[in-house]
Amino acid sequence: MSQDAHAMHMPTTTGLDSRKMAIWTFIGSECLFFASLISTYMVYRGKSLTGPYPHESWTNPANGEVVKGILNIPLTSFSTFVLLMSSFAVVLALYGAQRGKRGMLIGWLSATMVGGAIFLGGQVYEFNHFVHEGLTLHQNLFGSTFFTLTGFHGGHVTVGLIWLGTVLVTAIRGKLPPEKALNLEIAALYWHFVDVIWIIIFTLIYLIK
Amino acid sequence: MATTVLDHAETHAHAKTGLWSWITTVDHKRIGILYGATAFLFFLIGGLEALLLRIQLGSPNNTFLSPETYNQLFTMHGTTMIFLAVMPISAMYFNFMIPLQIGARDVAFPRLNAFSYWVFLAGGLFINISFLFHAAPNAGWFGYANLTTKPYSPGPNVDFWVIGLQTLGIASLAAAVNFFVTIINLRGPGMKLMRMPMFVWMSFITQILLLLAFPVITVALIMLMFDRVFHTMFFTVAGGGDPQLWQHLFWVFGHPEVYILILPAFGIVSEILPVFSRKPLFGYAAMVFSGAFIAFLGFGVWAHHMFATGMGPIADSFFAISTMLIAVPTGVKIFNWIGTIWGGSIQLKTPMYFALAFIAMFIMGGLSGVMHASPPADLQQTDTYFVVAHFHYVLFGGSIFALTAGAYYWFPKMFGKMLSEKLGKVHFWLMLIGFNLTFMPMHFVGLNGMPRRVYTYPAGLGFELLNRLETIGAFILAISMLVFVYNLWRSLRNPVPAPADPWNGATLEWSIPSPPQEFNFAEIPTVHSRDPLWETKRARGGPLPEPALASGKDIHMPNPSFWPLVTAIGVITTLTGFLVGFPYVNLVGAAILLTGIFSWAFEPAG
Amino acid sequence: MSHPAEAHAHPEEHAHPSAGTYAKIAVTLVILTALEVAVYYVESIRTYLVPILIVLMIIKFALVAMYYMHLKQDSKLFSGLFVFPIFIAVVVIVALILLFSIKHPQMPQ
């Protein structure tokens with residue numbers, strides 16, 4: 001298998017697996033990455049000099065068109081639900097992996113990926129729609145901060161999908177027995193983190209007016 | 001030609017010499033040497049940049065350098081010294097010494113370790129290639145927006161800076177994860193946390209700072225790049241953006257960064273003083289906790305770099321108090337160092353000279369630093385040479401002196417040769433005199449009003465004599481560097497091998513041959529105290545015999561790998577796409593990156 | 001119940017939650033999300049919108065971290081690796097918000 005199979009079975013000072021420790025360390029670091037993006041968003045809230053705005057209406061002076069608050073709460077609530085369910089799905093996939101239940105592993109891991117893909121699809125649709133409504137990266141502070149924060153979150157989701165997809169392929173090829181369940185556990189931790197960041201983003205950006 | 005019986009080591013598939021063995025190495029000791037050699041070269045380049053600056057400033061109204069060239073040189077001098085010299089020289093010591101001092105055979109993730117080095121090299125080369133285009137970064141090492149936004153910096157200079165720094169950040173983050181896990185998880189039997197050498201403790205705290213601080217500058221750089229490339233409004237006043245946000249984000253990173261620069265130095269000095277005083281470190285626990293406290297508080301002082309930006313009296317007061325507070329744990333360390341030397345049997349060898357000078361120079365830098373902590377005083381000092389004096393005393397008098405002490409101390413272990421004591425002392429005195437002559441006068445010209453970051457000054461303001469002295473001092477420093485280089489070259493060619501334990505050391509690295517064999521320890525040692533080697537020697541009633549070379553044939557070491565280098569090439573290529581503005585470059589880079597990552601992940605074990 | 005493979009790879013863990021427990025957490029998360037959205041639409045509690053949402057957000061975060069990310073059953077070291085950076089992150093966010101809302105009295109807002 002991979003070289004890290006060797007690392008996995010080396011005795012460690014704490015008895016904990018070094019790779020699991022590494023992903024948690026990385027996640028800790030990522031907290032500061034998203035904190036910086038979130039801080040910027042919060043600092044610039046309500047400071048845009050022109051619309052479109054997240055929650056209030058805006059009259060476009062160029063053509064007199066009224067653009068309502070651009071955030072679509074029902075759609076985003078649905079995406080949030082889907083992403084949360086995908087976290088649930090990967091937990092079940094890991095449960096199956098650890099017990100050697102191949103069907104459960106492959107089924108729920110596939111479901112996780114479908115959930116992630118739906119979420120990303122929702123993001124792509126949302127971004128496209130916003131651009132059509134006149135909100136771009138360079139339109140105003142809201143555009144700059146919103147697209148950067150949610151865009152990088154989406155980037156993280158994409159990386160997560162590629163990672164989970166790779167694990168899924170190894171599972172389908174029968175190369176994910178219970179002894180190697182840690183491979184999925186580490187990918188799942190990353191996935192949960194991405195979900196947890198979305199929990200924060202959904203509240204701070206979408207729900208707080 | 002006689003035939004020879006090949007033993008296991010010779011039939012082993014991997015070559016130990018030659019370029020390819022260095023390109024694919026995952027051995028922490030080799031990676032350490034790569035870091036050190038590269039960083040030393042960059043250090044000399046940074047020094048050359050400083051010399052050119054000093055020539056320009058040696059006379060009033062000088063025309064040796066144009067204002068534009070001056071800006072590029074002082075920007076690159078700062079960026080180079082911080083990111084391409086001090087940090088990677090510290091990385092050399094992390095790499096070489098941490099596994100040895102904790103009783104491990106390598107770091108937790110050897111290929112990730114190699115990756116970190118190659119990404120560092122790529123970043124360093126990338127940012128320096130800008131010189132070939134006469135477009136070196138020119139907006140200071142701190143890149144204040146909105147000077148660095150497109151309208152005010154239309155050329156590629158700032159793009160080189162942003163991308164270069166981003167690349168270096170990736171190297172640092174990867175290495176930080178690696179060393180953090182290594183120190184927690186790969187300690188040998190008996191190596192409890194409160195028995196670790198102080199260098200390992202300070203390095204450990206440094207990794208935590210790296211992990212928490214670098215993401216912040218990563219975001220700041222992303223936002224600046226977006227302003228430049230995608231016309232976002234982060235620092236664009238016309239769109240409602242606030243340039244002060246850059247300063248806050250930069251310094252939330254920047255202040256922990258200066259502790260990243262000094263903590264390893266503290267650790268090295270805490271290793272050297274006990275050995276050359278023949279006394280254990282005074283107040284071990286206090287040293288650990290003060291180091292941790294400094295790091296923790298270091299996240300609460302950043303806006304002391306911004307006292308002149310109109311934050312208001314509440315913010316000013318808060319950061320003034322937190323900054324004054326951080327002097328306390330630092331003071332604790334200084335008293336503990338003095339307590340270590342007090343009553344000891346002082347061995348005045350070159351490492352000790354540099355370590356003792358460190359204490360004095362760092363105290364001086366700390367005193368001017370505490371003066372900055374008062375906002376009203378700082379309004380007078382900020383943007384003058386008084387600040388330049390302060391940070392050179394802590395970064396050169398502090399970090400560089402300590403890293404140099406470490407070089408003399410650990411050179412025998414790393415290369416199996418002793419550095420010349422005589423040349424070492426010449427190096428020391430030239431460096432000490434040159435350093436003080438260069439930077440002491442800056443306190444005075446600074447308080448007399450000479451502004452920093454300006455390419456010249458008029459005559460008749462009383463700056464001429466001191467600036468001339470500073471320039472002379474800089475040349476004395478340069479000569480001291482030449483002496484050091486000569487010492488290195490001569491010593492490497494010296495046929496006399498160094499013993500395993502030339503200094504009567506206390507820690508594990510001195511128990512193995514100089515230089516160590518690939519697997520470090522023939523048998524992983526069990527430790528029972530903080531000074532395991534002194535304990536062993538005491539029990540024996542005398543020095544240890546020279547350790548025998550072991551065959552190591554039953555010890556399995558990680559295989560070398562080509563993929564960390566490929567992945568690093570993928571990283572730099574992807575980021576270069578943003579410099580040149582051709583998405584195809586990004587795509588090619590991403591393809592190389594993915595190839596590297598997947599090949600790395602699925603590489604078969606040996 | 002401990003599983004041989006797990007006992008080797010995860011010596012520090014106690015009993016694993018069952019699939020049923022995970023499902024209950026999932027349902028709770030859905031209910032909390034629905035509550036959040038409902039609070040958004042109910043005009044009468046406008047003044048309490050922010051604290052209620054923050055509390056709900058923290059509960060959801062904690063549930064995912066403790067159960068899905070397994071922190072409750074795992075070594076406390078992992079919790080520390082997550083909680084400490086979160087603490088620093090919150091400090092940075094709050095500090096920046098405060099710094100940009102309380103400016104120098106004579107500076108234009």
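Guide: Domain bounds here come from an automatic or database domain assignment. On that basis, chain B falls into domain 1 (28-490) and domain 2 (559-606). Keep in mind that this is a predicted model, where local features need pLDDT of at least 70 and side-chain atom pairs count only at pLDDT 80 or more, while totals for chains, interfaces and linings use all residues. As for labels, residues are numbered from 1 along each chain as its sequence is written, and chains are lettered from A and ligands numbered from 1 in the order in which they are written.

Taken over C-alpha atoms, the centres of domain 1 and domain 2 of chain B are 30 Å apart. Their contact takes 16 residues from domain 1 of chain B and twelve residues from domain 2 of chain B; two residues are in contact if their C-beta atoms, placed from the backbone, lie within 7 Å. On the domain 1 side, the elements giving two or more residues are helix H5 (110-129), helix H6 (157-185) and helix H7 (198-230) of chain B. Helices are DSSP runs (H or I, at least four residues), numbered from the N terminus. H5(B) supplies the largest share of that side, seven residues. By class, the domain 1 side has twelve nonpolar, two polar and two charged residues. Nonpolar covers Ala, Val, Leu, Ile, Met, Phe, Trp, Tyr, Cys and Pro, charged covers Asp, Glu, Lys and Arg, and the others, Gly among them, are polar.

Now for helix H8 of chain B, residues 243-277. With 35 residues at 1.5 Å a residue, H8(B) should span 51 Å, and its end C-alpha atoms are 51 Å apart, which agrees. That expected span is 1.5 Å times one less than the number of residues. H8(B) does have a kink of about 30°, centred on B:Trp251, where the bend is the angle between axes fitted to the seven residues ending at a residue and the seven starting there. Of its 35 residues, 33 are buried, so H8(B) is largely enclosed by the rest of the structure. Buried means 20 or more other C-beta atoms within 10 Å of a residue's own, with C-beta atoms placed from the backbone. Just after H8(B), B:Arg278 takes a positive phi of about 55°.

Then there are the neighbours. In chain C, 40 residues are in contact with 41 residues of chain A, and H4(C) gives the largest share of the chain C side, 14 residues. The contact between chains C and B takes eleven residues from chain C and nine residues from chain B.

Notes: A residue is buried if 20 or more other C-beta atoms lie within 10 Å of its own, exposed if 12 or fewer, and partly exposed in between; C-beta atoms are placed from the backbone.
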